[in-house]
Amino acid sequence: MSKVLIIGAGGQIGSELTHKLREIHGNNNVIASDISFSNKDLVNSGLFEILDAKDYNAIKNCIEKYNIDTVYLMAAMLSATGEKHPMMAWDLNMNSLFHVLNLAKEGAIKKVFWPSSIAVFGPTTPSIQTPQHTIMEPTTVYGITKQVGERWCEYYHKQYGVDVRSLRYPGIISWKTMPGGGTTDYAVEIYHKAITDKSYECFLSEETELPMMFMDDAINATVNIMQAPSEAIKIRSAYNLAAISFTPKELAAAIKRFIPEFEINYNPDFRQKIADSWPKSIDDTSARTDWNWKHHYDLKAMTLEMLKQLKSKYDSEAEFSS
Ligand code: AKB
């Protein structure tokens, strides 16, 4: 039985991944960790440690304490926040990765998952059906850390045999946890505002097309790549991963099918430049071929699920507080 540590478990993907890994490996074999106790759901549903991803000794002690063999390093500063705090983004995103890769190199753990992102691409990258191997000239600090991180993952695999696996996540959409500090966050906020206010002011322009994915698909992809036999993982930098692509205008139209009175207006801010530097759609043939990746949610199915779940969440909160 695998013993798993999730670093940055309180974040958008980390928290849902923790619940899934607890289902798979059992509550006593999955240790969630973050820098605060703020995610009560995680703290109360299994083992939890306070852990700073920048602290090598703290990670090492936690690995020894629980006899961990697999680490999911989910802590990161995302694209929009990274532009406000470039050196903090570099420090967190790079040093946490080196700590975990070095612990794997030293034999303290056997397997590592580290998320990359579509942010590795830049304005010179072919933006339609972006190939797995192509020009990558990221213009955000976050994108630079992810591109450099990918190079180091491949290096540690080739030089030291470290079993590290990675995915270039698109924008991830979920009704359970809010994202924090990303450029794709509008695609989650819009559903909340559709339920609570019937209107949304979008910080990207109406024609900004970006690659996106429903959380359930992202979690399945993460679990699948980690369960695949090592020889199936032919790319040790990070795999392109895709599901759906849409613009804010198309997303608003999909919401209007269920909430006809919903209104959207556009007020692009500094995140527009980041979005304009990223691909519109991604070619993920390698992931589909090498370890059988498939997505299940299209825009309509995702919208139906998001609105259904958020409506019942807000209704029960209102009932509870009345
Ligand atoms: C962001 O918008 O920064 C992230 C990402 C695409 O990696 N959601």
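Two strands count as paired if DSSP finds at least two bridges between them. Helices (H or I, at least four residues) and strands (E, at least two) are DSSP runs, numbered from the N terminus. The model on your screen is predicted, so local features need pLDDT of at least 70 and side-chain atom pairs pLDDT 80 or more, while totals for chains, interfaces and linings use all residues. Residues are numbered from 1 along each chain as its sequence is written, and side-chain values use heavy atoms, with hydrogens and water left out.

**Stop 1: the three-stranded sheet**

Select residues 171–173, 210–214 and 244–246. Here 3 strands make an open sheet in the order β9-β11-β13, with mixed pairing. β9 (171–173) and β13 (244–246) each have a single partner strand, so one side of each has no neighbour in the sheet. Now color I173: which residue is its bridge partner in β11? The partner is F214. β9 and β11 (residues 210–214) run parallel over 3 bridges.

**Stop 2: the six-stranded sheet**

Next, find the open sheet of 6 strands, ordered β3-β2-β1-β4-β5-β7, where the pairing is parallel. Its edge strands are β3 (48–50) and β7 (163–165), each pairing on one side only. Zoom in on D34: its bridge partner in β3 is I50.

**Stop 3: helices on the sheets**

Show residues 56–66. This is helix α3, which lies across β1 (4–7), β2, β3 and β4 (70–73) at about 155 degrees to β1. Contact means heavy atoms within 4.5 Å, and angles run from 0 to 180 degrees between N-to-C directions, with axes fitted to C-alpha atoms (for helices, over the stretch in contact). Then pick helix α8 (residues 215–227), which touches β4, β5 (111–113) and β7. Back at the first stop, α8 also lies across β9 and β11, at about 80 degrees to β11.

**Stop 4: two crossing helices**

Select α9 (residues 248–256) and α12 (residues 299–321): their axes come within 10 Å and cross at roughly 60 degrees. That makes α9 oblique to α12 (under 35 degrees is roughly parallel, over 145 roughly antiparallel, 65 to 115 roughly perpendicular and the rest oblique). Show the side chains of E250, L251, A254 and I255 on α9, and L299, T303 and L307 on α12, to see the contact.

**Stop 5: a salt bridge**

Finally, show R151 and E154, both in helix α6 (residues 141–160) and 3 residues apart, about one turn. Their side chains meet in a salt bridge of 2.8 Å, N to O (a side-chain nitrogen of Lys or Arg within 4 Å of a carboxyl oxygen of Asp or Glu).
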